[in-house]
Amino acid sequence: MMGSALDRADAGGFRIAVVGSGPSGFYATEALLRSGTPLAVDMFERLPVPYGLVRFGVAPDHPKLKLVTAAFDRIATTPGFRFIGGVSVGRDVAVDELRESYDAVVLATGADVSRSLGVPGENLPGSHHAGDFVAWYNGHPDYCDCDFDLDCEAATVIGHGNVALDVARILAKTADELRRTDIARHALEVLAESRIREIHVVGRGKPSQAKFTAKELRDFLDLGACETTVDPRDVAPDDFTPENPQDPELAEKLSLLRAFSQQVSTKRRRCVFRFGLSPVAIRGQGRVQTIAFAQQPSRAIGDIDCGLVFRSVGRRTTPLAGVPYNEHQGVHANIEGRVVEGASVISGLYVCGWSKRGPSGTIGTNRGCGMATAEAVLADLPARTGRRSGDPDALLARLRPRVARMVSYRDWVAIDAAEKHRGALLGKPREKFVSVADMLAATDV
Amino acid sequence: MAYVVTDSCRGCRFTECVTVCPVECFHVDDTMTYIDPENCIDCGGCVPVCPVNAIEPDYRLAADKKFWIDVNRKRAAETPVLTARLPPLPGADARRQELGR
């Protein structure tokens with residue numbers, strides 16, 4: 001199929017650009033298209049494939065969560081929707097160009113920059129961002145050439161969020177436990193050769209302050225070759241007693257951690273949860289060898305010896321030219337979804353999802369968030385009538401020579417089918433294409 | 001597993017859950033909402049937004065609340081999907097206070 005054969009947009013009504021095809025972009029689109037206001041949505045995506053973090057963030061061993069893509073596919077078949085993949089807003093087209101041609105532009109660009117720890121040695125070889133590792137095992141084209149050397153006995157994950165648990169769990173599982181997931185083949189091959197026997201999951205807070213959810217922690221109950229424990233030096237018995245017994249989520253989390261703390265290690269691998277530890281330096285000759293922690297008045301904290309470090313301490317949004325940025329929160333500057341310069345609203349420019357409120361919540365949180373932004377767009381649209389100077393289709397015609405290929409949703413359906421076919425041959429739900437060239441080649445059939 | 005709506009929803013029906021459900025698996029009747037266990041993807045997004053803590057994962061239900069698993073399955077099959085928030089039932093706020101939330 002030619003890249004120019006994009007699905008036709010409804011010519012009447014308002015024209016809205018959504019930038020990004022992750023959950024919040026889809027849910028803002030859904031609310032816009034369901035509003036009854038005559039409008040059409042063009043969804044811009046840098047890659048030829050949609051779904052954002054549902055494809056590149058959700059762990060391969062959490063297939064049920066990925067069923068949410070059926071909801072995205074339903075939204076994509078709504079009349080008035082077009083997917084414009086393979087176009088990078090900020091590189092191939094400026095935000096200001098979009099604003100000239102659309103009545104409203106909604107940024108749903110996510111939070112794809114990993115935050116730094118701010119300690120010496122964090123850029124030594126062997127020290128990685130957890131987010132890079134996640135993107136690598138999920139086959140993101142920008143990360144598939146990353147080199148993760150698992151030829152060491154111990155790894156440390158810094159952070160107590162759900163991403164930290166994903167990384168620890170993928171390191172803890174055997175190749176056989178991952179073989180029938182949609183994990184990228186290159187990652188499975190490296191993980192199969194892993195020599196890691198000990199995984200430390202380190203956080204600054206107490207057990208009750210950990211941000212990971214009980215549901216993610218439960219996954220550690222049934223690991224085939226890995227025992228999960230809590231280092232007894234870090235905890236007092238009442239650390240496992242919830243301050244608010246009315247909170248069943250906290251109660252379950254603490255009771256799981258208590259059970260882990262009583263675990264005797266018998267399996268080949270061991271995952272050790274550590275609490276109350278603040279890293280101050282990562283050290284090593286030429287590569288990571290140890291992590292040092294802040295000392296406490298009550299006790300001395302020993303170093304952790306390890307050859308690998310994964311830093312999982314938050315993410316922020318990539319700034320875009322023409323869009324004011326909130327440095328403090330790491331998001332596009334906004335007031336309840338309307339992009340602002342200082343206190344004044346930039347008309348016709350909106351934001352939703354993690355690039356609006358930072359990286360928190362589950363997939364569904366982004367539905368409420370996308371709907372709220374869509375309401376702001378819809379409230380402002382009457383005042384936008386006749387304000388745009390350009391035409392979206394003329395803009396797309398100008399863009400076409402700037403990009404390798406504009407990818408439609410029908411093209412994505414072809415890529416999707418090809419990936420599932422490749423997967424079926426290997427007993428997996430899908431084998432992802434991990435390069436843009438291979439994705440584009442699959443649209444030619 | 002799946003998530004389950006339990007008795008705290010009766011007479012409140014705040015429906016904050018519906019806004020955050022990514023797969024629209026909430027059904028509704030005159031008294032409360034129900035989760036369709038066939039469509040729930042276990043994201044857990046609805047649990048923290050419920051003002052009366054009515055939603056729990058099925059495995060975490062107390063023995064005397066396990067029957068809600070079947071109630072949700074049965075009623076979800078009999079009632080329509082709710083796609084957008086409804087106004088809470090009269091007396092919902094009073095009930096929330098009564099529950100100490």
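Domain bounds, as the term is used in these legends, come from an automatic or database domain assignment.

**View 1. The two domains of chain A.** In this predicted model, the domain assignment divides chain A into domain 1 (14-112 + 316-444) and domain 2 (116-313). The centres of domain 1 and domain 2 of chain A, taken over C-alpha atoms, are separated by 32 Å. Where the two meet, 18 residues of domain 1 of chain A are in contact with 18 residues of domain 2 of chain A. Sorted by class, the side of domain 1 of chain A that touches domain 2 of chain A has eight nonpolar, four polar and six charged residues.

**View 2. The parallel sheet of six strands in chain A.** Six strands of chain A form an open sheet, in the order 6-14-7-8-10-9, and their pairing is parallel. Strand 6 (127-129) and strand 9 (226-230) of chain A stand at the edges with a single partner strand each, so one side of each is left without a neighbour in the sheet. On average, and with direction ignored, neighbouring strands of this sheet are turned by 20 degrees against each other. Within the sheet, strand 8 (residues 198-202) and strand 10 (residues 269-274) of chain A pair in the parallel sense over five bridges, and His200(A) stands opposite Val272(A) of strand 10.

**View 3. Two helices that pack on the six-stranded sheet.** Helix 5 (residues 130-137) of chain A packs on the sheet and touches strand 6, strand 7 (154-158) and strand 14 (308-311) of chain A, while its direction makes about 70 degrees with that of strand 6 of chain A. Helix 6 (residues 162-172) of chain A also packs on the sheet, touching strand 7, strand 8, strand 9, strand 10 and strand 14 of chain A, and the direction of helix 6 makes about 175 degrees with that of strand 8 of chain A. Is helix 6 of chain A mostly covered or mostly uncovered? Helix 6 of chain A is mostly covered, since 10 of its 11 residues are buried, and among these buried residues are Val163(A), Asp166(A), Val167(A), Arg169(A) and Ile170(A).

**View 4. The largest nonpolar core.** In soluble globular proteins, nonpolar side chains tend to be buried together. The largest nonpolar core here has 147 residues, of which Ile16(A), Val105(A), Val106(A), Val157(A), Val167(A) and Tyr350(A) touch the most other members. Helix 6 of chain A gives the most to this core, with eight residues, and the core draws at least three residues from each of domain 1 and domain 2 of chain A. Leaving aside its neighbours within four places in sequence, Val105(A) is in contact with several residues, including Ala17(A), Val19(A), Leu98(A), Leu349(A) and Tyr350(A).

View 5. Strand 1 (residues 14-19) of chain A is mostly covered, for six of its six residues are buried. In a regular strand the side chains alternate between the two faces of the sheet. In strand 1 of chain A, Phe14(A), Ile16(A) and Val18(A) point one way, Arg15(A), Ala17(A) and Val19(A) point the other way, and all are buried. Six bridges join strand 1 of chain A to strand 2 (residues 39-45) of chain A, with the two strands running parallel, and the bridge partner of Val19(A) in strand 2 is Phe44(A).

**View 6. The antiparallel sheet of three strands in chain A.** Here three strands of chain A form an open sheet in the order 11-12-13, and the pairing is antiparallel. Strand 11 (279-283) and strand 13 (304-305) of chain A are the edge strands, each of which pairs on one side only. Strand 11 of chain A is joined by four bridges to strand 12 (residues 290-293) of chain A, and these two run antiparallel; Ala281(A) has Ala292(A) of strand 12 as its bridge partner.

**View 7. Tyr51(A) and its loop.** Tyr51(A) is found in the loop between strand 2 and helix 2 (53-56) of chain A, and its phi is near 95 degrees, a positive value in a residue other than glycine. Is Tyr51(A) buried or exposed? With 23 other C-beta atoms within 10 Å, Tyr51(A) is buried, because a residue counts as buried if 20 or more such atoms lie within 10 Å of its own.

**View 8. Where chain A meets chain B.** Across this boundary, 19 residues of chain A are in contact with 14 residues of chain B. Helix 10 (248-261) and helix 12 (365-384) of chain A each supply at least two residues of the side of chain A that touches chain B, and helix 12 of chain A gives the most to that side, with four residues.

Technical notes
Residues are numbered from 1 along each chain as its sequence is written. Chains are lettered from A and ligands numbered from 1 in the order in which they are written. This is a predicted model: local features need pLDDT of at least 70, side-chain atom pairs count only at pLDDT 80 or more; totals for chains, interfaces and linings use all residues. Two strands pair if DSSP finds at least two bridges between them. Axes are lines fitted to C-alpha atoms, for helices over the stretch in contact, and angles run from 0 to 180 degrees between N-to-C directions. Two residues are in contact if their C-beta atoms, placed from the backbone, lie within 7 Å. A nonpolar core is a set of buried Ala, Val, Leu, Ile, Met, Phe, Trp, Tyr and Cys residues joined through C-beta atoms within 7 Å. A residue is buried if 20 or more other C-beta atoms lie within 10 Å of its own, exposed if 12 or fewer, and partly exposed in between; C-beta atoms are placed from the backbone. Ala, Val, Leu, Ile, Met, Phe, Trp, Tyr, Cys and Pro count as nonpolar, Asp, Glu, Lys and Arg as charged, and the others, Gly among them, as polar.
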